[in-house]
Amino acid sequence: MDKVRRSRLKRVVNEARRIIEDDVRAQLRRLGFDDEGNLRPVEELPHLSSGDIELREKIVKAIEKEMSPGISRGEAFDRYVRHVGFTYVNRIAALRAMEVRGLIKETVVRRDAYGGRSRREFEIAEREGIVDPYELLKASLIEAFKEVSSEIRVLFDVNSEYSLVFPGHRALKELIRLFGEEVPEEDWREDDIIGWIYQYYNEEARSRLQRSKRKPSPDDIPLISQLYTPNWIVQFLVDNTLGRL
């Protein structure tokens with residue numbers, strides 16, 4: 001991918017990161033988390049349902065898993081937000097890369113023929129009668145995640161701790177618009193696009209870690225060295241051809 005295309009992708013990824021992480025933080029604030037990952041008492045949050053209370057207990061455990069010697073609760077909270085955001089950005093990007101190759105049913109790109117929806121949304125609406133736009137989009141993405149998870153469970157596992165917070169409607173629509181409209185189809189056909197997305201998404205966190213001068217933990221190694229570049233996601237699917245639809 002040449003410099004001009006990489007520059008465009010970097011701009012899109014930075015915007016996607018801001019949108020998704022802002023959304024995740026807003027949802028966590030609604031559940032009673034402050035910016036340091038501390039919780040307000042349930043008694044102060046009468047709007048919470050029993051399901052919300054159970055959810056935030058699971059999130060507390062997920063944040064605690066991000067903690068290690070030298071990592072404060074606030075840093076662990078930031079890590080959790082970043083990992084949740086990256087999970088969804090990477091999932092939607094991977095779906096887009098797969099659909100342009102004909103490996104999955106179109107889930108990200110919208111078509112006038114389907115009323116401005118994706119093919120998957122159109123078919124789910126016809127099959128299940130879902131009319132609420134957010135519920136339809138959510139059902140479409142979850143169906144796609146589950147479909148692909150049989151081949152790439154590490155990224156698409158809907159039961160992972162990074163799937164506890166599902167992005168809101170506005171954030172999802174903007175992510176889909178960015179990846180569906182502002183990144184050309186030919187760029188999605190490049191085998192290294194997922195690796196570039198990984199690099200650009202984590203650039204800010206990597207710079208922040210370097211400025212902090214704290215001793216890196218084992219969890220920081222991929223961030224520093226970029227040893228994990230998930231080009232294999234696309235290559236795996238190309239090689240194994242996940243059910244052409």
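Predicted model: local features only at pLDDT ≥ 70, side-chain atom pairs only at ≥ 80, totals over all residues.
Trainee: What percentage of the residues of the protein chain count as buried?
Mentor: Buried means under 20% relative accessible area, exposed over 50%, and partly exposed in between, with a 1.4 Å probe and protein chains only. Of the 245 residues of the protein chain, the buried share is 46%.

Trainee: What share of the contacts with a separation of 6 or more is accounted for by residues 24 or more positions apart?
Mentor: A contact means heavy atoms within 4.5 Å. Among contacts in the protein chain with a separation of 6 or more, residues 24 or more positions apart account for 68%.

Trainee: What distance does helix α1 reach from its first C-alpha to its last?
Mentor: Helix α1 covers residues 3-30, with 28 residues. The expected span of a helix is 1.5 Å times one less than its number of residues, and for α1 the expectation is 40 Å. The span in the model is close to that, at 41 Å.

Trainee: Which residue caps the N-terminal end of α1?
Mentor: The cap involves a side-chain oxygen that lies 3.2 Å from the backbone nitrogen of Val 4. A polar contact is a pair of N or O atoms within 3.5 Å; within protein, one must be able to donate a hydrogen and the other to accept it, and residues adjacent in sequence count only if both atoms are side-chain atoms. The capping residue is Asp 2.

Trainee: Is Arg 5 buried or exposed?
Mentor: Arg 5 lies in helix α1 and touches Glu 186, Asp 187 and Glu 190, not counting residues up to four places away in sequence. Because its relative accessibility is 19%, Arg 5 counts as buried.

Trainee: At what angle do α2 and α3 pack?
Mentor: Axes are lines fitted to C-alpha atoms, for helices over the stretch in contact, and angles run from 0 to 180 degrees between N-to-C directions. The axes of α2 (residues 50-65) and α3 (residues 73-100) are 8 Å apart. Angles under 35 degrees count as roughly parallel, over 145 as roughly antiparallel, 65 to 115 as roughly perpendicular and the rest as oblique. The angle between α2 and α3 is about 105 degrees, which makes α2 roughly perpendicular to α3.

Trainee: How do the residues of the contact of α3 with α5 divide?
Mentor: The two helices pack at about 75 degrees with axes 11 Å apart, so α3 and α5 are roughly perpendicular to each other. Tyr 88, Arg 91, Leu 95 and Met 98 of α3 meet Leu 141, Ala 144, Phe 145 and Val 148 of α5. Ala, Val, Leu, Ile, Met, Phe, Trp, Tyr, Cys and Pro count as nonpolar, Asp, Glu, Lys and Arg as charged, and the others, Gly among them, as polar. The contact divides into seven nonpolar, no polar and one charged.

Trainee: Which side chain is joined to that of Thr 107 by a polar contact of 2.7 Å?
Mentor: Thr 107 is found in the loop between α3 and α4 and is buried, with a relative accessible area of 0%. Leaving aside neighbours within four places in sequence, its contacts include Leu 95, Ser 140 and Leu 141. The side chain in the polar contact is that of Arg 120.

Trainee: Which side chains form polar contacts of 2.8 Å with Glu 143?
Mentor: Glu 143 lies in helix α5 and is partly exposed, with a relative accessible area of 25%. Leaving aside neighbours within four places in sequence, Glu 143 is in contact with Arg 120, Ile 124 and Arg 127. The polar contacts of 2.8 Å are with Arg 120 and Arg 127.

Methods:
Residues numbered from 1 in each chain as written. Heavy atoms only, no water. Helix = DSSP H or I, 4+ residues; strand = E, 2+ residues; numbered from the N terminus.
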